[in-house]
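Hi,

Have a look at it first and then read on.

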Amino acid sequence: TLLYQQVFGMLAPDDADAIYQDYAALATVLGMPRELWPVDRRAFRAYWNDAVSQLAVDEKTLTVARELLHPQRVPPWLRACMPLARLVTAGLLTSEQRALFGVPWSIRRQRRFDSAMRVTAAVYPRLPGHIRHWPKNHYLRRFRAGLN
């Protein structure tokens, strides 16, 4: 919801509840048992706050983060998007989380993040839905095909 609100503005509570339930369904498709998913946004917020307060970073965690943010075996178009993805990812973290992961941040990076969010908010909502949802739909199709 943090990224959504950066791009589209504040969510009405009923809309936020509906989106939360949609993501609960997505989580089950990705293999998370439904009973492990917090029942509503309030329960999720409590879970999230607890998990973030216990966040610890070790070499394995840093390796996973590096692999996610610097992927090696991806199409060239995705590799070209990764600098922006890294900027947005870092910009959405708290300063404490950036410090834990050793993510450098500065006033200049903050300005770049703010500019990227302004451009995204101006452009992304105006794109046709099939373009906005193509990456998600593409990877969900590939994921489902792998399950069969």
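Which residues do ring pairs link into a cluster? They are Y20, W37, F44, Y47 and W48. A pair here means that two rings of Phe, Tyr or Trp (its six-membered ring) have their centres within 6.5 Å; planes under 30 degrees apart count as stacked, over 60 as edge-to-face and the rest as tilted.

Before the details, some ground rules. This is a predicted model, in which local features need pLDDT of at least 70 and side-chain atom pairs count only at pLDDT 80 or more, while totals for chains, interfaces and linings use all residues. Residues are numbered from 1 along each chain as its sequence is written, and side-chain values use heavy atoms, with hydrogens and water left out.

**The overall picture**

The protein has 9 helices and 0 strands, so the order of elements from the N terminus reads α-α-α-α-α-α-α-α-α, with helices (H or I, at least four residues) and strands (E, at least two) taken as DSSP runs and numbered from the N terminus. Along the principal axes, the C-alpha atoms fill a box of roughly 40 × 40 × 35 Å.

Of the 148 residues, 14% are buried. For that term, buried means under 20% relative accessible area, exposed means over 50%, and partly exposed is in between (1.4 Å probe, protein chains only). The accessible surface comes to about 11,100 Å², and 61% of it belongs to carbon and sulfur atoms. Those areas come from the Shrake-Rupley method with a 1.4 Å probe; for residues, only the protein chains shown count as cover.

Contact means heavy atoms within 4.5 Å. Among contacts between residues at least 6 apart in sequence, 50% join residues at least 24 apart.

On charges, there are 21 positive and 12 negative side chains, and the centres of the two sets lie 12 Å apart. Lys and Arg count as positive and Asp and Glu as negative, with His and the chain ends not counted. The place of a charge is NZ of Lys, CZ of Arg, CG of Asp or CD of Glu.

**Aromatic pairs**

The count comes to 9 aromatic pairs. One of them is F8 with Y124, which is edge-to-face at 6.1 Å centre to centre and 70° between the planes. This pair links distant parts of the chain: F8 is in helix α1 (residues 2-8), and Y124 is in the loop between α7 (107-123) and α8 (129-132), 116 residues apart. Both ends are partly exposed, F8 at 35% relative accessibility and Y124 at 29%.

Another is W105 with F113: the ring centres are 6.4 Å apart and the planes are at 65°, so this pair is edge-to-face too. Is F113 buried or exposed? F113 is buried, because its relative accessibility is 3%, whereas W105 is partly exposed at 24%.

R132 lies in helix α8 and is partly exposed at 22% relative accessibility. Leaving aside neighbours within four places in sequence, R132 is in contact with Y124, P125 and L127.

- Q97 is found in helix α6 (residues 95-101) and is buried, with a relative accessible area of 13%. Beyond its neighbours within four places in sequence, Q97 is in contact with V52 and L55.
- R109 is in helix α7 and is partly exposed at 33% relative accessibility. Its contacts, leaving aside neighbours within four places in sequence, are L87 and P104. The C-alpha atoms of R109 and A90 are separated by 9.3 Å, and the two residues are 19 apart along the chain.
- P135 lies in helix α9 (residues 134-147) and is partly exposed, with a relative accessible area of 32%. The C-alpha atoms of P135 and L87, 48 residues apart along the chain, are separated by 19 Å.

Cheers
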